[in-house]
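Dear colleague,

I am handing over the structure below, and after it you will find notes on what turned up when I went through it. Please read them with the structure open beside you.

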Amino acid sequence: MTEITTPKTVTLATYNIHACIGSDGKFDPARIAAVINEIDADIIALQEVEHHSVEEQDLLEYLAYQTGHEALAGPTLFRESRHYGNALLSRLPLKSFKQIDLSVAGFEPRAAIEATFDAAGYELQVIATHLGLKSAERRWQVKKLLELKSLQEADISCLLGDVNEWLLWGRPLRWLHRHFTAQPHLATFPARWPLFALDRIWIAPKRCQIDLFVHKSSLARQASDHLPLVSRIQL
């Protein structure tokens, strides 16, 4: 009899950690690390990662060490004493990595991380971002991200992050749903009483996606002002 093996799965997540400041106003990186461990994702995109020294480590290095991941930094703001921006935590072998500038003149600098990973022999492209607050910014940024995704031919592609789109009928969301196929609107913000689906994950091809859900543990409701959004894909 031929042995039936279960296809390998990969768990992806996106999490705006709000610089590790929880709903109680306290800076507590250990809570964020604990939530990441609850999720147990193979790749997790982080937003609002701010440099702090935690137990003699940079905050991102601390989170990577506490959760068993490798860290990829994608800062967008540089200050004399600290930087701030996006990051990826991953357990998969990295094949390539680059930072994509999505800044629009007159607004806060924005960017995306594009990374490809070896996922059990498949090439997995991950584009992680945190889009602007103004609708004109987001329209331009989404067009650029879709161009970027189209240039890279990977077995599986994932676009994820905090897209800051409050309107379900906004053009950026419509364009993304049309390109990747529509995803359900799952509220992640504010963490205590989520009303808005600001955090998103899109997978192509869609048939690879097993599920999509919000991580709603009591600790996650306290650790940040956003809840993590999680997706599992089948290779």
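The structure, which is a predicted model, holds 0 disulfides. A disulfide, as a reminder, is a covalent bond that joins the sulfur atoms of two cysteines. C208 is in no disulfide, and the cysteine sulfur nearest to it, that of C158, is 11 Å away, whereas a disulfide would need the two sulfur atoms within 2.5 Å. C208 is also buried, with a relative accessible area of 12%, and C20 is buried as well, with a relative accessible area of 0%.

Turning to helix α2, which covers residues 59–67, you will see that D58 caps its N-terminal end, where a side-chain oxygen of D58 lies 3.0 Å from the backbone nitrogen of L60. Within α2, the buried residues include L59, L60, Y62, L63, A64 and T67, and the helix is followed by G68, whose phi is positive, near 75°.

Strand β8, made of residues 111–119, is mostly covered, since 8 of its 9 residues are buried. Strand β7 (residues 94–101) runs antiparallel to β8 and is joined to it by 7 bridges, and L94 has F117 in β8 as its bridge partner. β8 also pairs with strand β9 (residues 122–130) in the antiparallel sense, over 8 bridges, and here the bridge partner of A112 is T129 in β9. The hairpin of β8 and β9 has 2 residues between the strands, and A120 in this hairpin takes a positive phi near 55°.

With best wishes

Technical notes:
Residues are numbered from 1 along each chain as its sequence is written. This is a predicted model: local features need pLDDT of at least 70, side-chain atom pairs count only at pLDDT 80 or more; totals for chains, interfaces and linings use all residues. Side-chain values use heavy atoms; hydrogens and water are left out. Buried means under 20% relative accessible area, exposed over 50%, partly exposed in between (1.4 Å probe, protein chains only). Helices (H or I, at least four residues) and strands (E, at least two) are DSSP runs, numbered from the N terminus. A polar contact is a pair of N or O atoms within 3.5 Å; within protein, one must be able to donate a hydrogen and the other to accept it, and residues adjacent in sequence count only if both atoms are side-chain atoms. Two strands pair if DSSP finds at least two bridges between them.
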